[in-house]
Amino acid sequence: TYGKGNTGLADGLKTIAAHIKSAKKRGETQPRALLVPEGGKNLLQIAKLLAGFGLSTNDVRLLGSGQWDEPALTRNKRLFGSWFASAAPDQRNVFNKHFKKTYGYEPVRIASLTYDAMSLVGYISAAGRGFSDSTLINERGVAGVDGIFRFGPDRVAERALAVLEIIPNNVELVDNPPTAFTQFYGGSQPAASTPAVAAPAH
């Protein structure tokens, strides 16, 4: 962890780097990964500081979230070899190409999320069951452009994501996203083949 501001960030990362290097020097088990819950400029600053403290992704793998789903990061050598969770790119690339062909420009990153949301609305509307909690909280989930997703009892969206690795000028698929949710909210375990509902295409 680290405190607020540049000083707190630097001090926290310096402590982390020292711990990892010390464990390596003594031949002890060292952390294999470091979760970085940041994106944008903060992520770049963290990568720069870690490199300054003598750590690279050869020493500890950086792990991140969908905030890292930015093409610019694939040009930062300090992040090569890092992993992050996000939608598998193949299906979204198909969406992006269709979008550009239709509207004449590249979609912003959240366009696919908006499309998925409207597809869900279209599916519920076509089913004619209304927008009740029982309809929205569908444990099987809905298959969208960015993979399957569903809303939990807390009404927070849950997504099945892929694991991607940052490589020079691209990302590489490390692990495919699940094609079905295997945990029900009540604790039961449905078969892994339980399909998500396919939202209608537009």
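Visitor: Which residue stands opposite V163 in β8?

Guide: V163 has D175 across from it in β8. Before we go on, this is a predicted model, in which local features need pLDDT of at least 70, side-chain atom pairs count only at pLDDT 80 or more, and totals for chains, interfaces and linings use all residues. Residues are numbered from 1 along each chain as its sequence is written, and side-chain values use heavy atoms, with hydrogens and water left out.

Visitor: How many bridges join strand β7 to strand β8?

Guide: Start with the general idea: in a regular strand, side chains alternate between the two faces of the sheet. Strands here are DSSP runs of E with at least two residues, helices are runs of H or I with at least four, and both are numbered from the N terminus. Two strands pair if DSSP finds at least two bridges between them. In this model, β7 (residues 162-167) and β8 (residues 170-175) run antiparallel, with five bridges joining them.

Visitor: Okay, on to charges. How many salt bridges does the structure hold?

Guide: In general, side chains of opposite charge can pair when their charged atoms come close. The cut-off for a salt bridge is a side-chain nitrogen of Lys or Arg within 4 Å of a carboxyl oxygen of Asp or Glu. The structure holds seven of them. Take D69 and R92, whose closest N and O atoms are 3.0 Å apart. D69 sits in the loop between β2 (61-64) and β3 (83-86), R92 in helix α3 (residues 89-103), and the two are 23 residues apart.

Visitor: Are D69 and R92 buried or exposed?

Guide: Buried means under 20% relative accessible area, exposed means over 50%, and partly exposed is in between (1.4 Å probe, protein chains only). D69 has 16%, so it is buried. R92 is buried too, at 9%.

Visitor: Which other salt bridge does D69 form?

Guide: D69 also pairs with R109, with the closest N and O atoms 3.3 Å apart. R109 lies in the loop between α3 and α4 (111-127), 40 residues from D69. R109 is partly exposed, at 32%.

Visitor: What about R159 and D116?

Guide: Their side chains meet in a salt bridge at 3.7 Å, N to O. R159 is in strand β6 (residues 157-159) and D116 in helix α4, so this pair ties together parts 43 residues apart in sequence. D116 is buried at 1%, while R159 is partly exposed at 27%.

Visitor: Which residues do shared partners join into one network?

Guide: D69, R92, R109 and D146 are joined that way, by salt bridges that share partners.
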